Amino acid sequence: MPLRALFLALLSLFIAPLSLAADEDHRFDDKLVAEANRLIEKGFKDEAAYEIIESLTTEIGPRMAGSEQEARARDWAVKRLKKMGFKNIRIEPFEVDRWVRRSESAAIVSPFPQPLVITALGGSVPTPKGGVTGDVVRFESFADFLDSPLTGYEGKIIFIDETMTRSQDGSGYSVAVRKRRTTANEAAKRGAAAALIRSVGTSSHRFAHTGSTRFSAETPRVPFAALSAPDADQLARALKHGPVSVHIELDVESLGPVQSGNVIAEIPGRTDELVVIGGHLDSWDLGTGAVDDGAGVGITMAAAHLVKKMNRKPKRTIRLILWGSEEVGLVGARAYAEAHKDELDKHFIASESDFGGGKIWRISTNFAEDKLGYAAAFRHLFARFTLAEGNNQTSGGPDIIPLSAMGVPAFRLDQDGTDYFDLHHTPNDTFDKIKLEDIQQNVALWSAFIWVAANMEGDLRSDSPAEETVETQ
Ligand SMILES: [Zn+2]
């Protein structure tokens, strides 16, 4: 007997971490799980998200931050949300700097004259009338460029040829995107005439990927554009033969502040706590923003609608936010966090769908350490989908970053992004890339997540406030 007791004691030590998963303090009750399972079944048959994405990308098209089309998208959303029966529908306005692209072109002038496919990067200054021509200086990596001296590049065209790594979780992006953020300022410091980067993307198609840049107001900037991957290859090959001169013309302009807005709709709950979900309504101007982020708009609108059709008042209010002006620097997200800073303690959880239309493969959370039992409970809820276990450091999605930085617990149904950066910010981001089956899997899991988050017992913040890490930036 003592031996057996010892064995059992040892066994319980080994299974201790596993028992966390079935932690009695942090489990969802059986009724809630049964309701979530019914939503999952409905989600797999639901075609509303697919139809919403089709409608948005067809009837509105590209939705650049601060544009007339972004304004039409807000009207489109308000109309649809009303028709779907959501409550407290409103637009919360804010200002954004409007930047427009009119035309862009580039060509190798010598030694092998031929056109190059480029696209101006958001916020770039235009080239002077007649364009700029200069000899190209290529850097294999962004780090090499940052290490380069501040003189010797006067009148040159800087070319950063760094490639991006393809990955399921999109981790290659955060590395690759650095060159897009600061090259224009760094090239200006070195007296360059213009700067080019190999597109931040993983495609081999002949589309350049646009995206936002971060300009320092104090430093001058130079005209800044991205080459498609095959054109970056072509330029690198030409440079093997000796000096290469390139001509660039960018007709772009910053028009100053205009109005944008976040569209908000709710399923009112019985308490003043909030579950924030949504996607972003704006897109870049080159494609029709189907994967970025028509998909997230469609998935969360349709999932919330499935929940709404249950005709049951949830414990917490479900607040759907269709964010504005995400692409140019999370402008709508920052405006919301500022406008709602006094009620952030009522934000129970927040999550955004903004990683394309691929299937969900992993769950990530950002809960207090003493509430990780709920992360296990969510994984248990979705156990039959064999999702991977992410970390507890998710931001919850780009537009949730300001909220999670201020202590709002975040959750993310991570989508497979293996192919996402083939399309991201290119003219090729169009509705034909949306797969009904993948979107339905998203709606199924999202609707279950929303219902459980809106009705579960407990809290995702720490019981001991001293342990809470609240970052401010
Ligand atoms: Zn996006």
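Reader: Is aspartate 354 buried or exposed?
Author: In this predicted model, the relative accessibility of aspartate 354 comes to 6%. A residue is called buried when its relative accessible area is under 20%, so aspartate 354 counts as buried.

Reader: Which residues coordinate the zinc ion?
Author: The donor atoms lie at 1.9 to 2.7 Å from the zinc ion, and they comprise one NE2 atom of a histidine together with OD atoms of aspartates. Along the chain these donors follow the spacing H-x11-D-x61-D.

Reader: Which two parts of the chain do histidine 280 and aspartate 354 tie together, and how many residues apart are they in sequence?
Author: Histidine 280 belongs to strand S9 (residues 274-280), whereas aspartate 354 sits in the loop between strand S11 (347-350) and strand S12 (360-366), so the parts that the pair ties together are separated in sequence by 74 residues.

Reader: What kind of geometry does the site of the zinc ion have?
Author: For tetrahedral donors the ideal angle is 109.5 degrees. To count as tetrahedral, four donors need all their angles between 85 and 135 degrees, but the angles among the 4 donor atoms here run from 51 to 145 degrees. The site of the zinc ion is classed as irregular.

Reader: What is the relative accessible area of histidine 280?
Author: A residue counts as buried under 20%, and histidine 280 falls into that class. Its relative accessible area is 0%.

Reader: How many charged residues line the largest cavity?
Author: The structure holds 1 cavity of 30 Å³ or more, and the largest cavity has a volume of about 50 Å³. Its lining is made of Ser283, Trp284, Leu286, Gly287, Gly289, Asp292, Glu327, His425, Thr426 and Asp429. Sorted by class, these are 2 nonpolar and 5 polar residues, and the number of charged ones is 3.

Reader: What is omega at the bond between serine 110 and proline 111?
Author: Proline 111 is located in the loop between strand S1 (87-110) and strand S2 (114-116). The peptide bond that joins serine 110 to proline 111 is cis, with an omega of about 5 degrees.

Reader: What is phi at leucine 330?
Author: Most residues other than glycine have a negative phi. Leucine 330 lies in the loop between strand S10 (317-323) and helix H10 (331-339), and it is buried, with a relative accessible area of 11%. Although leucine 330 is not a glycine, its phi is positive, at about 55 degrees.

Reader: Is threonine 386 buried or exposed?
Author: Threonine 386 has a positive phi near 40 degrees, and its place is the loop between helix H11 (372-381) and strand S13 (388-389). Since a residue over 50% counts as exposed, and threonine 386 has a relative accessible area of 69%, threonine 386 is exposed.

Reader: Which residues does phenylalanine 382 contact, apart from its neighbours within four places in sequence?
Author: Phenylalanine 382 is found in the loop between H11 and S13, and at 0% relative accessibility it counts as buried. With those neighbours left aside, the residues in contact with phenylalanine 382 are Ile40, Ile363, Leu387, Leu413, Leu445, Ala448 and Phe449.

Reader: In which helix is serine 55 found?
Author: Serine 55 is buried, with a relative accessible area of 4%. Not counting residues up to four places away in sequence, serine 55 touches Ile60, Trp76 and Arg80. The element that holds serine 55 spans residues 48-60 and is helix H3.

Note on methods. Residues are numbered from 1 along each chain as its sequence is written. This is a predicted model: local features need pLDDT of at least 70, side-chain atom pairs count only at pLDDT 80 or more; totals for chains, interfaces and linings use all residues. Side-chain values use heavy atoms; hydrogens and water are left out. Helices (H or I, at least four residues) and strands (E, at least two) are DSSP runs, numbered from the N terminus. Buried means under 20% relative accessible area, exposed over 50%, partly exposed in between (1.4 Å probe, protein chains only). Contact means heavy atoms within 4.5 Å. On a 1 Å grid over the protein atoms alone, a cavity is a set of points where a 1.4 Å probe fits but cannot get out, and a pocket is an open set with protein on both sides within 12 Å along at least five of seven lines; lining residues have an atom within 4 Å of a point. Grid points are joined across faces, edges and corners, and a volume is the space filled by probe spheres set on the points. Ala, Val, Leu, Ile, Met, Phe, Trp, Tyr, Cys and Pro count as nonpolar, Asp, Glu, Lys and Arg as charged, and the others, Gly among them, as polar. Donors are N, O and S atoms within 2.8 Å of the metal (3.2 Å for Na, K and Ca); water is not among the atoms, so sites may look incomplete. Four donors count as tetrahedral if all angles lie between 85 and 135 degrees; four count as square planar and six as octahedral if opposite donors are over 155 degrees apart and all others between 65 and 115; anything else is irregular.
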